[in-house]
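Here is a short report on charged and aromatic contacts. Keep the sequence and the 3D view open while reading.

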Amino acid sequence: MSSLRTASGGRIDRTKTLRFYFDGRSHTGVQGDTLASALLANGEYLLGRSFKYHRPRGVVAAGSDEPNAIVNLTRDAARSTPNVRATTIELYEGLHAESQNRFPSLQVDIGAINDLLSPLLPAGFYYKTFKWPASWWQRVYEPLIRAAAGLGRAPTLPDPDRYVGRWAHADVLVVGAGPAGLSAALAAADAGVRVVLADEQSEFGGSLLSEPTEMQTWLAEAIATLAANPRVTLLPRTTAFGYFAHNMAGLAERVTDHLANPPPHLPRERLWQIRVKQVVLATGALERPLVFPNNDRPGIMLAGAARTYLNRYGVLPGKRIVVATATDSAYRAALDLRAAGADVAVIADLREAPGEIADEARAAGIAVRTATSVVGAGGLQHVAWAALAPVAGGAPEAVPCDALLMSGGWTPAVHLFSQSRGKLRFDADASAYLPDVSAEHERSAGACRGVFGLAEAQGDGAAAGASAASGKPYTPSAATPNGGGWLGLMPNAPAKKAFIDFQNDVTAKDIKLAVREGMRSIEHIKRYTTTGMATDQGKTSNMNTLGVASGALDATIPQIGHTTFRMPYTPVTFGGLAGFSRGDLFEPIRMTPIHPWAAEAGAVFEDVGQWKRAHYFPKRGEDLHAAVARECLAVRASVGMFDASTLGKIEVVGPDAAEFLNRMYVNAWTKLGVGRCRYGILCREDGFVRDDGVVGRIAQDRFHVTTTTGGAAGVLNMMEDYLQTEWPELDVWLTSTTEQWAVIAIQGPKARAVIAPLVEGLDISREKFPHMAVAECTFAGVPARLFRVSFSGELGFEVNVPADYGRAVWEAIYAAGRPHNIVPYGTETMHVLRAEKGFIIVGQDTDGTATPDDAGVGWAVAKSKRDFVGKRSLARAAMTGPSRKQLVGLLTADPKTVLEEGAQLVDDPHQAVPMTLLGHVTSSYYSATLGHSIALAMLVNGRARIGQTVHVPMPNGAIAVRVVKPVFYDPEGARLDG
Amino acid sequence: MQNFSALSLLRRAFGGHESWQPQWRTPEPKPEYDVVIIGAGGHGLGTAYYLAKEHGITNVAVIERGWLGGGNTGRNTTIIRSNYLFSESAALYDHSVKLWETLSQELNYNVMYSPRGVMMLAHTIHDIQVFKRHVHANRANGVDNEWLTPEQAKDFCPPLNISAKLRYPVLGASLQRRGGTARHDAVAWGFARAADAMGVDIIQNCPVTAIRRSATGEVEGVETERGTIRAKKIAVVAAGHTSVVMNMAGVRMPLESFPLQALVSEPVKPAFPCVVMSNTVHAYISQSDKGELVIGAGTDAYVSYSQRGGLHVAQHTLDAICELFPMFRRMRMLRNWGGIVDTTPDRSPIIAKTPVPGLYVNCGWGTGGFKATPGSANIFAHTIARDEPHRINAPFTIERFRDGVMIDEAAAAAVAH
């Protein structure tokens, strides 16, 4: 294939040749090329196949608006990226790209049969068919449709690349570094404020990069001035993809995608989340294609893109060129191409009276036909001719060409403005939606608000930048329309195969069909035809859709409205959005101070919320059950120790602390003496148990509140919510102390003997430190709060020491316990011990539907209190009575049968499905102490059923169980005192 | 109603598809209807359909502030399942799944119900307890749901990462094979077309401004921006804005509205065979027939009527997706959007008569109403037509919050310990 590279010019470095591969074939490009420009330079027009009809497609645009030329980019097996726009891929040595959505090859694609069948496949055809026979949808039709749809292939290996994120503040964020954005950044920086300037391209300059030489000096100086200013942050290759509430912007910076050998210390992408005082949007405008039959043939491209390929990349779009336009700007492309030696056969201008620039073109020797419409194109895998016809009517003439350039005018890129919830207005002169009423502290400048022309954009940008820096109200000058433009199907052109959304294969005919079928809302038209829903998000298609719909609906464009602009502006990598949050950093791992000791002792851990908790401490050869049996027996026989540090702890302090707890918890606290503690139940507003824990009164105005491990943060939030919004008059403050205290439970008949030598300043004798006492003391030489509490039914203590001493104190207890064969035990043993005693675990035995009474702890409710959270709800009709499920114990006939937690309870196991369910097994263990299995359950009217038999229906038959009281061990509580 | 079939498509192809009629009319509102339904989402349109089809009530208007199907019907991640814990919920959602199975044929509109299996991942011992409780309860209720080991889960969904090194390793999963997805827009359009064909007027771009009640309290009609419409029965099916509409009738609803986000990736060839949900790491994902990975994110922490959520919420979902499916890390988010979900205190819906005579309400579907569309519409139509609830929705009253008869699916699924 012949080279279309010009001899000189452009922003490329012709001395640096780069070898790359497309569909396995080797090509060369130069430094500064994109994949698209390098392929065009090599005469490769055919770059992809469309989504539905598999039509051959080439490059249409030169930037992120490209709908057609999308490829799979592969660095290695694990670094494969589908659906990348060739127009935004910076070429590097050794680049491998492959075309997509074709079989067996790009040139010969079996899927292209869909193009022949296209009369059967209009918009929405799949809603009308594939319904018979019903079973075929899932077995036959859907697999076929799924295989045909999709574009590239998802990677199959884990992505080894790294993604990072930054959070930043600035005074002014300028999005877009074209003439308006650069001017805005310069003006804002001049005012001395902190500026961030971001642009999606590799180089700053925007449209200036597509200009011939005259503006290049200004551009270089502007960039140098900004780069030298320490208050300015420049972010090239950075797409502002989202505009969020309160002037927060999301920016995706591509750090290494352009490098042949990315250094390992650099991340692939960096996500910026920037909150700023003012935003200047200088996002430019996107050129619109013209809509006519076969307007999708490779070789047909936007006139502005052709100008970019010529002036920036030194590539001619073809050798014999036809230009079809509805606006002045395409003449610039024609003139530049002509100057570069291309044969510009004709400019077909839709307008009757184009501006002076037409005379300039004629003077340069280019034929200009006015009032002329492009009504078709020929050629299969490459455009061969353009059909031009007078607007007034008459036979079209086929003009041979190898490149057809088109311009329907320019659509301001109002995406971010609209994302910010700014209101748009339709400007008939500009044939465009323009920013109208801002919702954020933001202003648009330049082409994105309809101000065209280099000098005009610079001036507009400078004014916007200066006003953004000052923060003062700002009235922008009037927009300057760009002269002409056309929306929708070309005059005299048939709608068939006249593409609006190239990638999704939506034609003008499809839009008309949708309207004919009653889709009158633009959202319905979009969803029915899928126009604007491809990976380019309708950048080139939205306005043409409105143009066609306007005609079909016989309504003006403002009457139709527009679809909602949503983030992201261009697709953003999942990994970039996930950022650091990966592996161990996916969520913080919380570990207690004793965790390393447990790990060294061989503990197996379980995840409880963010915590790692020791589940059990197996000795060599032991499984869970053997270890737990040993640990349980040891606690009952002698003593065990347990790391309870994960329990939530909240210090409730202040003159009204007792009153606050009275209102929060179901219990009464006023009469709780200093040095005493009490088991507290916290309900939600609906009267169901939310959390529980022991609360100790350290002083008249100070309580040490404990919560469940998982509930800690939620309970503190709930307390703060009530304190700040319901009872602001209470003089109380709340402090989370969960991580300040390490907590070690010592449980078992030898518990006192173990810790007695470690306690100073406190008499822990049975008489002086009874069950449910709390006191401050020195423990193993460390200041401590010692609780006399038991979650096992045995004599028990829980010592709280400052977290930094946790491991040392643990080791001291372990050493002191050695003569008593002390065992460390984990959460599983803790669960078995408490189940033997019938103590509930909130969240396991209760599930948010249990009242305190249901859970067997109704005794804790202070019924005489005027109010507490949930009191009103507990008075509701259905909260009491025989319909309630209540905590009971269950025993199986076979002592070895351990019921499955979650198994259901029924009266008659032989009843028909759906069965009447009476409740479920909440906790179930084998008790080594008792020598048989035990279970706790929530059972309808359970306490009245004690002594009766119910059944547990299992897949292989029902299990009969006897309902018993939920206390299996030491019901008298004799062991509490050792 | 024009028949939709491969044959009709072929026949009209010869005429360049010029002879297709509108799938529904664009009528002017009449002064009076037997029933006015406020809200033309899937539930509202379906209600109109079943009123006409099963109860012979065709003098019905469905009035809609915007465009039909434009609320949560067209914004959700289209997951369908019925493996709910409580018997009341299981009956409700399974009624719906049974209707899904024949809905395409029923409506002569391909809603693309795809029972490809919904798998829910367990990451903690607590998850296992909760999911097994669901499996046992579902079995007793005749709803399919089975427990899978991590290896079985990976067999069913090969992209799943079951490495023990995960921050929250997959410890098992529950699978409902009849669960799956459907095409959300087609559900709204299919019901709209079929209801319209039986005489139902669908009136779009018609915001309701007031609900009129007589001196004795019963409803008389609605005021709209397009005039007064009289009706002795008014059914409110307005999703996230239900409380706003019900306020017009003087009924304060036990609802809170939150923004809920979803997103899709760029389309790729089939890479994901089923639906996977994980409550612990906050992610759910499937792949649409178009090839996009469809991913549901969480609700914002605060109430709002803004149809967008915080970026951090979407990020948290994507980091979970990337942990479970690390090969998708290089995929890209193509579109992100939000909807407003109305949630009740027990996270179960309200499908009921109200204290106002002639006023009915169907709301509170929270984050999971799409799956219930045909079932909900079917029993709501029954409730309106007979002025008494269907057996299935009898428990889903407003009064249950007053009386404490909750159906608390959230509590049953969530609380960690």
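Which residues are linked in a network of salt bridges? Arg55(A), Arg57(A), Asp115(A), Asp296(A), Lys497(A) and Asp505(A) are. A salt bridge here is a side-chain nitrogen of Lys or Arg within 4 Å of a carboxyl oxygen of Asp or Glu.

This is a predicted model, where local features need pLDDT of at least 70, side-chain atom pairs count only at pLDDT 80 or more, and totals for chains, interfaces and linings use all residues. Residues are numbered from 1 along each chain as its sequence is written, chains are lettered from A and ligands numbered from 1 in the order in which they are written, and side-chain values use heavy atoms, leaving out hydrogens and water.

**Salt bridges**

The count over all chains is 79 salt bridges.

| Pair | Closest N to O |
|---|---|
| Arg766(A) and Asp977(A) | 3.9 Å |
| Glu28(B) and Arg226(B) | 3.4 Å |

Take burial next: buried means under 20% relative accessible area, exposed over 50%, and partly exposed in between (1.4 Å probe, protein chains only). Arg884(A) is buried at 10%. Asp854(A) is buried too, at 1%. Arg766(A) is partly exposed at 46%, as is Asp977(A) at 27%. Glu28(B) is exposed at 59%, while Arg226(B) is partly exposed at 32%.

**Aromatic contacts**

Rings of Phe, Tyr and Trp (its six-membered ring) pair if their centres lie within 6.5 Å; planes under 30 degrees apart count as stacked, over 60 as edge-to-face and the rest as tilted. The structure holds 35 such pairs over all chains. In one, Trp100(B) and Tyr113(B) have ring centres 6.2 Å apart and planes at 20 degrees, so the pair is stacked. Trp100(B) is buried at 1% relative accessible area, and Tyr113(B) is buried at 8%.

One aromatic cluster draws on both chains; among its members are Phe125(A), Trp136(A), Phe4(B) and Trp20(B). Two of these rings also carry a charge above them. A charge sits over a ring if NZ of Lys or CZ of Arg is within 6 Å of the ring centre and within 35 degrees of the ring normal. The charged end of Lys128(A) sits over Trp20(B), 4.4 Å from the ring centre. That of Arg193(B) sits over Phe4(B), at 3.5 Å.
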